[in-house]
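Subject: Structure for you to look at

Hello,

Here is the structure I promised to pass on. Please open it first, then read my notes below.

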Amino acid sequence: MNPIEDEAGFGVYVHWPFCAAKCPYCDFNSHVRHKPVDQPRFAAAFRREMELIRERTGPRTVSSIFLGGGTPSLMEPETVGAVLDSVARLWNLSPDAEITLEANPSSVEADRFRGYRAAGVNRVSLGVQALNDKDLRFLGRLHNVEEALHAIGLARDIFPRMSFDLIYARPDQTVEAWAEELRQAISYAADHLSLYQLTIEEGTAFYGLYRAGKITVPDPDHAADLYETTQEVTASHGLPAYEVSNHALPGAESRHNLIYWRYGQYVGVGPGAHGRFIENGQRIVTFTEKVPESWLELVERDGTGVVGGETLTRSEEADEFLLMGLRLVEGIDLDRYERLSGHPLAPDRVRTLLDEGLVEPVGNSRLRATPAGMVVLDALVVDLSR
Ligand SMILES: C[S@@+](CC[C@H](N)C(=O)[O-])C[C@H]1O[C@@H](n2cnc3c(N)ncnc32)[C@H](O)[C@@H]1O
Ligand code: SF4
């Protein structure tokens, strides 16, 4: 193994920035276009952008590829095939690499799924969001429950691994209703579920409605109850949390997301993608132009859509490592924290948080947030990184 590769892995993230409609809660880089997207042109631009990034990363072994969005299930299988082919030509693609594609239930067809599978995709992550039609309409989704279940069935038949997402803490959602919906979800699940609390993001349609008092979200106590219920129901059904919002059978964790949380390295390709990798011994961050057409023009002109980035200082790296790692049930490796930051975590702060029951040791060399700590994770990280 190349010495600068660590055990956390090396991933390639490719962003497909188009959706059939914009969901009212979503602030991801997603755009609706009424003219057909020139997919071969995008595939060629992904390739060009990767070529320049490859010059910066040098040879690496790719352990995961993630096609995220937006709605990557609007990509033609040929486009997906071209992207995967580009990755494999430029880097060393590990034979057991995890290759995930995000799909929306409204854009799922059996032939298209088979095409993705033939192109090399071996894991699908479906945006189901809710298992009742009323809430699906509220969330502005283009699918109903029947279509979601059809998509889950197809994904389970065609791909070796699949996960689906639900959004909870919806307006007026009771603990009982959520627990029941979750049990149903688990009965349809394969080996992985992502369960996100609804957040009201600035700039979204929900933000305007929320500010105008037209929608309400659960208060912090009720949200904490919903979160605890999520942990209990999933754990008692064999899909325990391994991260704040992610649940899996042991061994079925998303390897790609583990790269982020274990502070591994990844390149980000496509409009609005971020990358974090070691270049000349230092961890650098890159981000690309967000508007798809502008990104395309930049790549065609300059070979890259990267419009910014920075080299992280040791203390910034250490803070990011904490922020990501404490989301994981496995917690953080204290020696690695020390190697990154140049000093151990402040013993007095750790002691206080231990006394408050917000963190706990795992063996001799790791520290993790307790379930109570997970609920106040942001504050906890700020406290530890001061
Ligand atoms: C970037 S989206 C892409 C998935 C795919 N386009 C879809 O919608 O089915 C990834 C996931 O983030 C979650 N998500 C997006 N915005 C959210 C919000 N404001 N609150 C909670 N979860 C959100 C949804 O569960 C969604 O499936
Ligand atoms: S949630 Fe998914 S489908 Fe909806 S706008 Fe965001 S990326 Fe597109």
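Helices here are DSSP runs of H or I, at least four residues long, numbered from the N terminus. With that in mind, start at the end of α10: the helix is followed by G303, whose phi is positive, near 85 degrees. Note that this is a predicted model.

**Helix α10**

α10 covers residues 292-302, and its buried residues are P292, W295, L296, L298 and V299. Down the helix axis, these residues fall within an arc of 165 degrees, so they line one face of α10. An α-helix has 3.6 residues a turn, so residues three or four places apart point the same way. The face turned away from the buried side carries E297 and R301, both exposed. What covers the buried residues? The cover includes α1 (39-57), β11 (282-288) and β12 (306-311).

**The cores**

The largest nonpolar core holds 86 residues. Those with the most contacts inside this core are F46, M50, W91, F113, V121, L126 and F164. Which helix gives the core its largest share? That is α5 (residues 145-158), with 6 residues. A separate core of 12 residues lies apart from it, with C23, L136, I167 and L198 among its members. In soluble globular proteins, nonpolar side chains tend to be buried together.

L126 is worth a click. Leaving aside neighbours within four places in sequence, L126 is in contact with A103, N104, P105 and V108 , among others. Its contacts also include A151, I152 and A155. M162, S163, F164 and D165 are on the list of L126 contacts too.

**R156**

R156 also sits in α5. Is R156 buried, exposed or partly exposed? R156 counts as partly exposed, because its relative accessibility is 41%, between the cut-offs of 20% and 50%. Not counting residues up to four places away in sequence, R156 touches M162, Y188, A189 and A190. A polar atom of the R156 side chain lies 2.8 Å from the backbone oxygen of A189.

**Around ligand 2**

Which residues are around ligand 2? They are C19, A21, K22, C23, Y25, C26, S30, G70, T71, N104 and R141. This shell divides into 5 nonpolar, 4 polar and 2 charged residues.

**Backbone points to check**

Most residues other than glycine have a negative phi, and most peptide bonds are trans.

- The peptide bond from G69 to G70 is cis, with omega near 15 degrees.
- A169 is not a glycine, yet has a positive phi of about 65 degrees. A169 lies in the loop between β5 (161-168) and α6 (175-188). A169 is buried, because its relative accessible area is 2%, under the 20% cut-off.
- Y263 is not a glycine either, and its phi is positive, about 60 degrees. Y263 is in the loop between α9 (255-261) and β9 (265-269). At 2% relative accessibility, Y263 counts as buried.

Best wishes

Terms used
Residues are numbered from 1 along each chain as its sequence is written. Chains are lettered from A and ligands numbered from 1 in the order in which they are written. This is a predicted model: local features need pLDDT of at least 70, side-chain atom pairs count only at pLDDT 80 or more; totals for chains, interfaces and linings use all residues. Side-chain values use heavy atoms; hydrogens and water are left out. A nonpolar core is a set of buried Ala, Val, Leu, Ile, Met, Phe, Trp, Tyr and Cys residues joined through side-chain atoms within 4.5 Å. Buried means under 20% relative accessible area, exposed over 50%, partly exposed in between (1.4 Å probe, protein chains only). Helices (H or I, at least four residues) and strands (E, at least two) are DSSP runs, numbered from the N terminus. Contact means heavy atoms within 4.5 Å. A residue is near a molecule or strand if one of its heavy atoms lies within 4 Å of it. Ala, Val, Leu, Ile, Met, Phe, Trp, Tyr, Cys and Pro count as nonpolar, Asp, Glu, Lys and Arg as charged, and the others, Gly among them, as polar. A polar contact is a pair of N or O atoms within 3.5 Å; within protein, one must be able to donate a hydrogen and the other to accept it, and residues adjacent in sequence count only if both atoms are side-chain atoms. The arc is that of the directions from the helix axis to the C-beta atoms.
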